[in-house]
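Please open the model in your viewer and keep the selection tool at hand. The stops below take you from one residue to the next.

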Amino acid sequence: MNRIPKIIHQVWSGIDEPLPKHFKTLGESWKSDYPEWEYVVWDNQKMNDFIQSNYPEYWELYQAFPYNVQRWDVIRYLILDKIGGMYVDFDYQSLARMDSLLENRTCCFSEEENYINKKGENVSVFNNALMLSVPKHPFMQKIIETAFSDKMVYANPEPKQQCVLSTTGPGMITTLYNSLSSEEKGNVYIIPAKYVTPFSVLQARFVRQGYNGPEVKKALEEAYAVHYFWGGWL
């Protein structure tokens with residue numbers, strides 16, 4: 001049973017430029033694989049209206065973030081908290097339906113890599129480029145509370161990459177996840193990288209440039225989706 005609401009959310013503010021053709025093509029892959037799911041693209045006006053209508057207590061803090069990409073990070077958490085469904089970045093491609101992965105799940109994040117740290121512990125690093133949730137999930141609410149804390153909103157904005165990753169992006173949500181109890185972690189599914197992030201950042205760059213060697217085909221053997229790590233926000 002899939003408990004995730006059947007709605008796909010994508011964010012493109014339209015502030016700097018219209019949605020590029022290659023991103024529109026990748027977006028179509030999700031509409032094609034999930035035809036019965038509602039599909040919504042959130043532009044800047046929709047995002048502003050949504051927060052003012054549903055989370056007015058966060059409006060001033062939302063505006064106070066130094067970078068637009070931080071606003072685009074937090075809006076996805078708010079949308080999933082209020083509406084639920086699947087959020088996916090425009091540099092993601094759907095290859096096959098994830099129904100078997102989502103059965104009975106209530107909150108999911110895409111693993112980016114898995115490694116053994118110096119203590120011999122198994123560590124997952126995951127991102128916010130592909131997420132799914134039911135409304136009002138406790139972990140999504142923890143993320144929102146943390147992202148909108150003064151410590152995050154008014155953090156040192158330089159360097160940009162470190163600021164974004166640690167305040168509203170993957171660094172923040174991974175750290176928060178690692179602070180959960182075992183019981184709380186049990187309510188969050190980290191989708192293994194082989195299914196949703198089969199390429200490393202470097203491999204994705206080569207693939208974007210047209211490389212299609214045997215290791216690419218091998219990496220895609222079990223993949224339901226591909227993250228191309230365009231990284232335009234940098």
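Begin by selecting D73, which sits in helix α4, where helices are DSSP runs of H or I of at least four residues, numbered from the N terminus. This is a predicted model, in which local features need pLDDT of at least 70 and side-chain atom pairs count only at pLDDT 80 or more, while totals for chains, interfaces and linings use all residues. Residues are numbered from 1 along each chain as its sequence is written, and side-chain values use heavy atoms, with hydrogens and water left out.

With D73 still selected, note that its relative accessible area is 5%, so it is buried (under 20% is buried, over 50% exposed and in between partly exposed, with a 1.4 Å probe and protein chains only). Not counting residues up to four places away in sequence, D73 touches N128, V164, T168 and G169, where contact means heavy atoms within 4.5 Å.

Next, select Y77, F109, F139, I143 and F148, which touch the most other members of the largest nonpolar core, a set of 44 residues. Such a core consists of buried Ala, Val, Leu, Ile, Met, Phe, Trp, Tyr and Cys residues joined through side-chain atoms within 4.5 Å. Helix α4 (residues 68-82) supplies the largest share of this core, namely eight residues. A second, separate core has 22 residues, among them I4, Y34, Y92 and V196.

Return to F109 and show its surroundings: leaving out residues up to four places away in sequence, its contacts include F126, L130, F139, I143 and I173.

From there, move to L176 in helix α9 (residues 170-178), which counts as buried because its relative accessibility is 14%. Beyond its neighbours within four places in sequence, L176 is in contact with F139, K142, I143 and T146. Although L176 and F139 are 37 residues apart along the chain, their C-alpha atoms are separated by 8.9 Å.

Now colour the cysteines. How many disulfides does a search of the whole structure find? The search finds zero, a disulfide being a pair of cysteine sulfur atoms within 2.5 Å. For C107, the nearest cysteine sulfur is that of C108, 6.7 Å away. C107 counts as buried because its relative accessibility is 1%, and C163, with a relative accessible area of 4%, is buried as well.

Finish at Y211, in the loop between α12 (201-208) and α13 (214-219). Y211 is partly exposed because its relative accessible area is 38%.

Definitions and conventions: Helix = DSSP H or I, 4+ residues; strand = E, 2+ residues; numbered from the N terminus.
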